[in-house]
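Please read it alongside the sequence and the model.

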Amino acid sequence: MSDREPAHTATPGEVTDIVTALVLSRPGGRAWKIATGVASLLTALLVAAIVVLLARGVGIWGVTMPVAWGFAIANYVWWIGIGMAGTFISAALYLTRQGWRSALNRFAEAMTVFALAVSGIFPVLHLGRPWFAYWLAPYPDRMGLWPQWRSALVWDFFAIGAYVIVSVIYFYAGLVPDFAAVRDRAKSRGRQVIYGVLAMGWRGEALEWERHATLARILAGLAVPLVFSVHSMVALDFSEGLLPGWHSTIFPPFFVAGALFSGAAMVIVLAVILRRAYALHEFITDEHLDKLAKMMLAVGWVVTYGYAAEIFTAYYGGDPYDLAMQRHRLQGAYAWLFWATIACNSLSIQALWWPRVRTNPAALVIISVLVLIGMWLERFMLIVTSLYRDFLPSSWGMFYPTFWDAAFLAGSIGLFALLFLVFVRVVPVLSIAELRRHAAERVDNRP
């Protein structure tokens with residue numbers, strides 16, 4: 001089957017057979033095994049890097065004065081941004097009754113959970129003494145060491161903690177009926193027991209479906225505002241600092257738009273790969289790719305507006321320090337970061353104005369990968385260009401990444417890939433319950 005070849009319209013029963021077969025009977029294949037092997041090696045590299053970091057300290061990174069933040073914080077903001085879009089796409093489309101979400105919501109939600117898991121590694125390790133990370137929690141302490149409530153880092157703890165809890169519950173609640181479908185079709189006793197436990201006794205009764213729908217609406221209603229709060233809190237980590245390039249009120253909406261931008265790009269990459277690898281052309285159609293591309297184009301323009309507004313504000317305000325920072329960003333030692341970011345995030349997406357590009361899987365993957373690269377470069381640029389030139393020339397200094405900086409970045413990508421590869425082998429990658437409902441609606445609406 002070619003990448004653009006549509007399949008016949010599946011009945012509800014065929015939907016269940018196709019999706020459960022991906023878990024129960026379809027082998028992983030050579031490509032899956034190779035990808036899993038590479039991802040496992042990168043994950044092992046991450047584990048080795050963490051061990052070395054704990055043994056030797058954050059000095060193994062390139063961070064120093066004045067650039068005390070580097071790859072670790074860039075990775076953290078990048079991954080947590082990717083994690084924002086998955087639940088937002090699922091929850092927002094659910095609340096607005098968009099039927100086309102049914103082919104995307106499952107792996108988009110999984111993307112959120114895995115990206116959040118990866119992002120949580122970096123701020124803890126960046127503490128220098130990660131075994132004291134629990135100090136961020138408001139626990140009763142007879143020594144009187146309470147969190148600093150005016151710090152955005154503490155706000156991060158609560159916002160991200162709430163978002164993780166809601167995202168995991170929302171993800172698992174949608175899986176319960178599908179685990180029951182896999183349980184009922186499993187042949188081996190072991191799988192029947194495992195998926196039976198995960199299904200929590202689901203029998204598909206009307207009362208169960210009613211309560212399931214109520215829970216989904218509540219969790220979706222909680223998830224959408226949490227998407228905006230989480231990345232707004234991350235933005236406040238920067239905008240609270242009295243540094244040129246950081247101290248800006250545009251950061252919260254700018255960070256939210258950037259998160260949705262990179263997250264939409266990752267959803268497109270995963271959608272194209274899954275459609276191609278498992279012949280899911282009937283479920284993940286050209287219409288889905290077209291709408292995701294439009295979403296990425298729209299949010300990309302908001303991000304581009306943020307770049308323009310930041311430059312305009314600096315020159316319009318006339319603050320000498322903001323002007324100096326902008327000149328360094330445009331013409332200084334890290335100017336290549338700025339122009340590469342513009343090329344990846346603002347110029348590459350202009351091809352999405354053409355409908356043929358929006359439905360071309362290869363073109364979409366190329367553009368989405370460029371966006372993901374550009375968003376990481378933007379996070380790194382944002383950090384370094386505000387730090388490497390301090391107010392005093394005697395405090396100036398360059399940032400030079402080390403092997404361990406690159407190891408943490410590559411290892412985090414490997415960990416995310418490994419989690420997702422395991423996910424597609426043991427969990428229904430599409431929502432069986434929702435696809436069955438839409439298949440039944442198509443059958444009922446036939447002339």
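Which residue forms a salt bridge with Lys-291? The partner is Glu-287, with the closest N and O atoms 3.0 Å apart; a salt bridge is a side-chain nitrogen of Lys or Arg within 4 Å of a carboxyl oxygen of Asp or Glu.

This is a predicted model, in which local features need pLDDT of at least 70 and side-chain atom pairs count only at pLDDT 80 or more, while totals for chains, interfaces and linings use all residues. Residues are numbered from 1 along each chain as its sequence is written, and side-chain values use heavy atoms, with hydrogens and water left out.

**Overall build**

- The protein chain has 16 helices and zero strands; these are DSSP runs numbered from the N terminus, with helices (H or I) of at least four residues and strands (E) of at least two.
- For 447 residues, a compact globule would have a radius of gyration near 22 Å, and the 23 Å of the protein chain agrees. The radius is taken over C-alpha atoms, and the globule rule is 2.2 Å times the number of residues to the power 0.38.
- Along the principal axes, the C-alpha atoms fill a box of roughly 75 × 60 × 40 Å.
- Of the 447 residues, 53% count as buried (buried is under 20% relative accessible area, exposed over 50%, partly exposed in between, with a 1.4 Å probe and protein chains only).
- Among contacts (heavy atoms within 4.5 Å) with a separation of 6 or more, 80% come from residues 24 or more positions apart.

**Salt bridges in and around helix H10**

- The whole structure holds 12 salt bridges.
- Lys-291 and Glu-287 are four residues apart in helix H10 (residues 286-317), so about one helical turn separates them.
- Lys-291 is partly exposed at 28% relative accessible area, and Glu-287 is also partly exposed, at 47%.
- Asp-290 and Arg-358 meet in a salt bridge of 2.7 Å, N to O. Asp-290 lies in helix H10 and Arg-358 in helix H13 (residues 355-358), so this pair ties together parts that are 68 residues apart in sequence.
- Both Asp-290 and Arg-358 are buried.

**Other charged pairs**

- Asp-184 forms a salt bridge with Arg-183, the closest N and O atoms being 3.0 Å apart. Asp-184 counts as exposed, at 53% relative accessibility.
- A network of salt bridges links Arg-101, Glu-109 and Glu-434.
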